[in-house]
Amino acid sequence: MKQIQGISLAGLAVAVMVFGASTASATTLEVAGVGRSESIAIKSSLKSGTTAHLDDTAGGLVNTCIESTVEGHTESPYTAPGTIPIGGPITTLTFNKCTGEPVVVDLPGRLTVSWINGTTNGTVRSSVAKVTMPSPFGSLTCTTATSPGTDIGTLTGVASGAAAMNINAVLNCGFFLPSARWQATYTVTSPEGLGVTDMAAATTLEVAGVGRSESIAIKSSLKSGTTARLDDTGGAFANTCTESTVEGKTEAPFSGPTVGGKVSSLSFSSCTEEKVVVDESGSLTVERIAGSTNGTVRSIGAKVTTPSPFGSLTCVTAASPGTDIGKLTGVASGTATVDINAVLNCGFFLPSARWEGTYTVTSPEGLGVTS
């Protein structure tokens with residue numbers, strides 16, 4: 001049993017040391033070329049000299065408005081993997097000075113944006129919006145779809161000045177007017193320099209909020225007053241250790257899709273079972289959790305042999321990309337922590353075992369992950 005804990009702890013050590021990796025890309029709004037992992041208030045209005053058109057797709061009626069505004073703000077998560085959309089509620093949606101009777105906004109709905117590969121632009125979608133407008137058939141109610149919404153156009157990002165939102169959307173208007181087209185070009189009046197980034201920059205370890213493109217020596221130990229625990233997932237037995245330390249350092253490259261290293265020192269003591277033997281300590285990687293200074297910790301190629309009621313057992317973590325063993329919570333100051341909750345492969349007699357424990361990063365202080 002103790003051996004099994006060793007493997008997990010080994011993984012932890014590396015995790016603490018290796019803190020920092022990221023996925024290939026993630027949709028994030030940027031302002032003036034800087035990705036913003038925070039709520040952004042956005043205001044837009046019709047481009048000067050243009051109109052918003054609300055027409056039925058068969059060409060039977062046309063309604064144009066010379067004033068229209070769209071306002072809202074983004075909500076967490078502010079970053080999403082790949083082209084998964086980010087967004088938030090629309091707080092203001094208006095259409096004024098129209099050729100027909102006033103357009104009534106029943107529900108402004110939500111807007112989301114997903115990054116368009118290789119650009120600073122994004123695909124804009126509207127969900128659960130509802131407007132009522134006049135027509136030869138009487139008042140018509142037109143809606144956008146529920147999540148993921150109706151594709152309504154493109155946000156054209158800029159590094160400075162005003163971004164543009166080009167709308168060309170088909171709305172569902174029910175039986176008499178099955179569909180209507182909304183066409184307009186909006187200017188983003190705030191913030192200036194709005195765009196969409198893939199956040200593909202490499203993830204790097206940071207200390208006290210400063211990215212470090214160099215090897216970082218890391219030390220960790222069990223959080224005071226806690227134990228490292230390893231149980232078989234069937235609940236037949238358990239092993240606990242009240243002392244454990246892990247040490248190591250990051251290895252080049254120090255920035256990139258993944259950053260990691262090997263465990264240089266791993267110890268377990270004061271355990272309820274026999275000594276835990278670490279056959280191979282393996283290595284650890286951490287994948288940055290978008291919008292945070294935290295990371296998902298994975299152990300690669302660790303192997304331990306442990307005594308159990310079934311005899312000597314060997315437990316392992318997977319080859320690359322490894323076994324997900326927990327989460328590293330980064331901090332700007334003080335001590336980071338690694339929370340382990342991992343299921344290990346222990347072969348035929350004990351197909352799987354769960355390892356749990358919380359480690360404190362004693363050095364360096366202020367360890368975290370940055371993009």
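What is the mean pLDDT of the protein, and what share of its residues reach 70 or more?

1. Confidence overall. The mean pLDDT is 82, and 87% of the residues reach 70 or more. pLDDT is the predictor's confidence in each residue, on a scale from 0 to 100. This is a predicted model, in which local features need pLDDT of at least 70 and side-chain atom pairs count only at pLDDT 80 or more, while totals for chains, interfaces and linings use all residues. Residues are numbered from 1 along each chain as its sequence is written, and side-chain values use heavy atoms, with hydrogens and water left out.

2. Confidence by element. Helix α1 (residues 2–18) has the lowest confidence, with a mean of 32, and strand β3 (residues 41–46) the highest, at 97. Over residues 1–24 the pLDDT is below 50, yet this stretch has 159 contacts in the model beyond near neighbours in sequence. A contact here means heavy atoms within 4.5 Å. Helices (H or I, at least four residues) and strands (E, at least two) are DSSP runs, numbered from the N terminus.

3. Strand pairing around β23. Strand β23 (residues 260–271) pairs with strand β21 (residues 238–249) in the antiparallel sense, over seven bridges. Within β23, serine 265 stands opposite glutamate 247. Strand β25 (residues 283–288) also pairs with β23 in the antiparallel sense, over three bridges. Leucine 284 in β25 is the bridge partner of glycine 261. Two strands are taken to pair if DSSP finds at least two bridges between them.

4. Disulfides, count and pattern. A disulfide is a pair of cysteine sulfur atoms within 2.5 Å, and by this rule the count comes to four. With bonded cysteines counted along the chain, the pattern is 1-2, 3-4, 5-6, 7-8.

5. Cysteine 65 and cysteine 98. These two cysteines are joined by a disulfide with an S to S distance of 2.0 Å. The link is right-handed, with 100° about the S-S bond. It connects distant parts of the chain: cysteine 65 is in strand β5 (residues 62–73) and cysteine 98 in strand β7 (residues 86–98), 33 residues apart. Both cysteine 65 and cysteine 98 are buried, where buried means under 20% relative accessible area, exposed over 50%, and partly exposed in between (1.4 Å probe, protein chains only).

6. Cysteine 241 and cysteine 271. The S to S distance in this disulfide is 1.8 Å. The link is right-handed, with 105° about the S-S bond. Cysteine 241 counts as buried at 0% relative accessibility, and cysteine 271 counts as buried at 18%.

7. Cysteine 315 and cysteine 346. A disulfide with an S to S distance of 2.1 Å joins these cysteines. With 110° about the S-S bond, the link is right-handed. Cysteine 315 lies in strand β28 (residues 313–316) and cysteine 346 in the loop between β30 and β31 (352–363), so parts 31 residues apart in sequence are tied together. Cysteine 315 and cysteine 346 are both buried.

8. Aromatic rings. The structure holds three aromatic pairs. Rings of Phe, Tyr and Trp (its six-membered ring) pair if their centres lie within 6.5 Å; planes under 30 degrees apart count as stacked, over 60 as edge-to-face and the rest as tilted. Tryptophan 182 and tyrosine 186 are edge-to-face, at 6.3 Å centre to centre and 80° between the planes. Tryptophan 182 is buried at 9% relative accessibility, and tyrosine 186 is buried with a relative accessible area of 0%. The rings of tryptophan 355 and tyrosine 359 have centres 6.0 Å apart and planes at 40°, so that pair is tilted. Tryptophan 355 and tyrosine 359 are both buried. Phe95, Trp182 and Tyr186 form one aromatic cluster.

9. Alanine 332. This residue is found in the loop between β29 (323–329) and β30 (337–345). At 57% relative accessibility, alanine 332 counts as exposed. Not counting residues up to four places away in sequence, alanine 332 touches Ala208, Gly209 and Gly366. Alanine 332 and leucine 367 are 35 residues apart in sequence and 6.8 Å apart in space, C-alpha to C-alpha.
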